[in-house]
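Let's take a walk through a structure together. Have a look at the picture first, and then we'll go through what can be read from it.

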Amino acid sequence: MVKTVKREQLLMELYKSAFPAVAKYVARLGGSLDDAKDVFQDALVIYYEKAVTGNMVATDSKAYLLGIAKHLWFKKFRDNNSTQPLQHDLLNIADEADEHISTNKVMHYLETAGKRCMDLLSAFYYRKLPMKDIAGQFGYAGERSVTVQKYKCLEKVRDTVKQQSLSYADFIE
Amino acid sequence: MRTSLNNLKLVDNHLLGLATPQDNLLLQAKVILDPALTDDIYWHKQTLSLVHQYSRKQLLAEIENVHNQLFTRPEHLSFRQSILRFFKR
């Protein structure tokens, strides 16, 4: 199991420092606690993804999170002022591949049968951890062996995705 | 690394924008010689997209876990109360 303690600590610190301001803002504009939670959690994802890719300009994380949350709240209010989940339309991750891929059955398969490989690929592609750290966390001797393992995992997952996708009639949408 | 893994590395670097111009040329040549590689590139892209979705799902689960801790554990009572105060009508 990959250690996620450091990330959890970071999330806890960000939650404690920045959520009160977001909650106060959303409450003042008539939103509920769930609304505040939704926009804040989406803001945290955006913050995290920008931070790991090195696209973070702001140094004041609290102000940055409040800024994103205000933007998300405004967008939610403008678009639907209802309970539609934000992830689908506000977290801008969609690319060409997403348009064709359904996460349900294939994702479930990967979460169970291919979890270790998915965690390793996630550590590399999403969390962008250094190879040395990934080797340590996954118990590999060194960077060389974890690099080879990464490509083996990529090949295995790619072939699984292909195979499973072609098996499920409802996969290609 | 065996050939299939070397090809995988070539495609990966290409999709991540890390390939050198020479490597991109090499990939183009390989695609011409082996059309099946086009198929591999397509599924490689799908895989990277799924890894992203998987990772984001994990992150959201961790965030939810932090939220639950803050709103249930006794040591965070004052934090919880300060938040709930904003929503009292």
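In what kind of crossing does H2(A) pass H3(A), left-handed or right-handed? The crossing is right-handed. Keep in mind as you look that this is a predicted model.

**Two helices that cross**

Let's stay with that pair for a moment. The axes of H2(A) and H3(A) come within 8 Å and cross at roughly 125 degrees. That angle is why the two helices, H2(A) and H3(A), are called oblique to each other. On the H2(A) side, the residues making the contact include Val39(A), Phe40(A), Ala43(A) and Tyr47(A). From H3(A) come, among others, Leu65(A), Ile68(A), Ala69(A) and Trp73(A).

**The nonpolar cores**

Some of those names come back when you look for the largest nonpolar core, which has 27 residues. Val22(A), Val39(A), Phe40(A), Ala43(A), Leu44(A), Leu65(A) and Ala69(A) have the most contacts inside it. Both chains take part: H1, H2 and H3 of chain A and H3 (36–72) of chain B each supply at least two residues of this core. H1(A) gives the largest share, nine residues. As a general background, nonpolar side chains tend to be buried together in soluble globular proteins.

Which residues does Ala69(A) touch, leaving out those up to four places away in sequence? They are Val22(A), Val39(A), Phe40(A) and Ala43(A). Apart from this core lies another one, of 21 residues, with Leu110(A), Leu121(A), Tyr126(A) and Ile134(A) among them.

**Chain A as a whole**

Chain A has nine helices and zero strands. Of its 173 residues, 29% count as buried. Take the contacts in chain A with a separation of 6 or more: residues 24 or more positions apart account for 61% of them.

Glu13(A) is found in helix H1 of chain A. Glu13(A) counts as exposed because it has 12 other C-beta atoms within 10 Å, and the cut-off for exposed is 12 or fewer. Glu13(A) and Glu143(A) are 130 residues apart in sequence, and their C-alpha atoms are 31 Å apart in space.

Where does Lys128(A) lie? Look in the loop between helix H7 (115–125) and helix H8 (131–138) of chain A. Lys128(A) has 12 C-beta neighbours inside 10 Å, so it counts as exposed too. Most residues other than glycine have a negative phi.

**Where the chains meet**

**How confident is the prediction?**

The model scores ipTM 0.88 and pTM 0.84. For chain B, the mean pLDDT is 93, and 98% of its residues reach 70 or more.

Methods: Residues numbered from 1 in each chain as written. Chains lettered and ligands numbered in written order. Predicted model: local features only at pLDDT ≥ 70, side-chain atom pairs only at ≥ 80, totals over all residues. Core = buried A, V, L, I, M, F, W, Y, C linked by C-beta atoms within 7 Å. Buried ≥ 20, exposed ≤ 12 C-beta atoms within 10 Å, placed from the backbone. Helix = DSSP H or I, 4+ residues; strand = E, 2+ residues; numbered from the N terminus. Contact = placed C-beta atoms within 7 Å. pLDDT = per-residue confidence, 0-100. Axes fitted to C-alpha atoms, helices over the stretch in contact; angles between N-to-C directions. Parallel < 35°, antiparallel > 145°, perpendicular 65-115°, else oblique. Left-handed = near helix turned anticlockwise from the far one by under 90°.
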